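Student: I have just opened this structure and would like to learn how to read it. Could you walk me through some features, one at a time?

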Amino acid sequence: MKLVFLISTGVARLVSADLVAYFNFDNADDLGANTGSIATDWNQFANVTQSPGRFGAGAGNFVAGSSQAWDADFSVGVLESFSVSLHVKSEQAASWDDFVSIGTGNNVVFVLERNGAEGVSIYNIGEVGGVASNAVSYSPGATVFDVDDGEWHHLGMTVGDGTITLYIDGEPRGTSAYEGVGPISAFQIASRFGAGVRAITAEIDDVAVYSETLGGAEMAILANNPAVSVAGPASPEIVSATWTGGAFEMLVGGLIPGRRYLMTRSDDLVSGFTESVGNPVVAGDNLEIFRDQALPATRAFYRVEEVTE
């Protein structure tokens, strides 16, 4: 009998950790309820209706010039690192309207907004800081990406080690130096200063704020899953291993759906993982099968890692 070991690399932690603020708009009786770990209430939450959501029972339907959702004393503590994730659905939005605006205790204000090329930007307000340059933008052209196409899109930003990163649909799309310090003291959805300035007409769902810098794998999970229900193994794991049809067949769980993974083998761990076990596999929602038809005589060590190229 062969001894089989699985070594995994580049895996995600559970995304539901350190979720300090969470707005999912599922409760029609308390549409703006925060179910995160901090105690915070909106200074103003008005004229937001419920629409079919990206996840769960509903989303917030925001109308420019009418809807308001802002908190001037958000105060989630001093965050040298944090992450924001949300899902948006818009059509015919005006240029430079805001999906989310954020202020910190040192008068830094910056926004996540629809830019002038149907793309998305993180942008300073009044050159007061937050991002070192005017904008971190993703604007490849409407034939590649159009935030106003009437489909749900995942938007996010992560801050850590002095860098802010823009994420679109789970993929990193630009970085800049981050200059903010102190707590997030102001937080606003779908406008900048109340209902009338840079307000956007859009459906917004699953707004999550984390008190840490999430990695790329975790943002990829959030692109396709509601924040609080993300679970699963913290790393790939062999669920079963059997000899079937002339090959050693391993059933592997803990993979992120839509990502490509390759299994490699080492006979002694000294010479490295040089033998590929089949072709890369695109992970689905269920367990994936890897088959090794060229086993060594004694034992084998296996590694599963994400293929990024």
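**Reading the structure together**

Tutor: Gladly! Let us begin on the surface, where Glu 91, Asp 149, Glu 151, Asp 169 and Glu 171 gather in a patch of negative charge. Please keep in mind that this is a predicted model, in which local features need pLDDT of at least 70, side-chain atom pairs count only at pLDDT 80 or more, and totals for chains, interfaces and linings use all residues. Residues are numbered from 1 along each chain as its sequence is written, and side-chain values use heavy atoms, with hydrogens and water left out.

Student: What makes a group of residues a patch?

Tutor: Patches are made of residues with over 30% relative accessible area and no salt bridge; like charges are joined within 9 Å, and nonpolar side chains (Val, Leu, Ile, Met, Phe, Trp, Tyr) within 5 Å. Lys and Arg count as positive and Asp and Glu as negative, while His and the chain ends are not counted. The place of a charge is taken as NZ of Lys, CZ of Arg, CG of Asp or CD of Glu.

Student: How many helices and strands does the protein have, and what share of its residues is buried?

Tutor: The protein has 1 helix and 23 strands. Of its 309 residues, 47% count as buried. The accessible surface comes to about 13600 Å², and 47% of that surface belongs to carbon and sulfur atoms. These areas come from the Shrake-Rupley method with a 1.4 Å probe, and for residues only the protein chains shown count as cover.

Student: How do I read a salt bridge, and how many are there?

Tutor: A salt bridge is a side-chain nitrogen of Lys or Arg within 4 Å of a carboxyl oxygen of Asp or Glu. A search of the whole structure finds 7. One of them joins the side chains of Asp 98 and Arg 192, at 2.7 Å from N to O. Asp 98 belongs to strand β8 (residues 97-104) and Arg 192 to the loop between β15 (184-189) and β16 (202-210), so this pair ties together parts that are 94 residues apart in sequence.

Student: Are Asp 98 and Arg 192 buried or exposed?

Tutor: Asp 98 is buried, at 0% relative accessible area, and Arg 192 also counts as buried, at 10%. For another pair, look at Glu 305 and Arg 303, whose side chains meet in a salt bridge at 3.3 Å, N to O. Glu 305 is partly exposed at 23%, and Arg 303 is partly exposed at 21%. Salt bridges that share partners also join Asp 98, Glu 113 and Arg 192 into one network.

Student: What about Arg 114: where is it, and which residue is its salt-bridge partner?

Tutor: Arg 114 lies in strand β9 (residues 109-114) and forms a salt bridge with Glu 118, with the closest N and O atoms 3.8 Å apart. Arg 114 is buried at 6% relative accessibility, whereas Glu 118 is partly exposed at 26%.

Student: Which charged residue is buried yet has no salt bridge?

Tutor: That is Glu 288; the nearest side chain of opposite charge, Arg 291, is 12 Å away. Glu 288 is in strand β22 (residues 288-292). Contact means heavy atoms within 4.5 Å. Leaving aside neighbours within four places in sequence, Glu 288 is in contact with several residues, including Met 250, Leu 251 and Val 252. Met 250 is found in strand β18 (residues 247-253) and counts as buried at 0% relative accessibility.

How values were computed
Helices (H or I, at least four residues) and strands (E, at least two) are DSSP runs, numbered from the N terminus. Buried means under 20% relative accessible area, exposed over 50%, partly exposed in between (1.4 Å probe, protein chains only).
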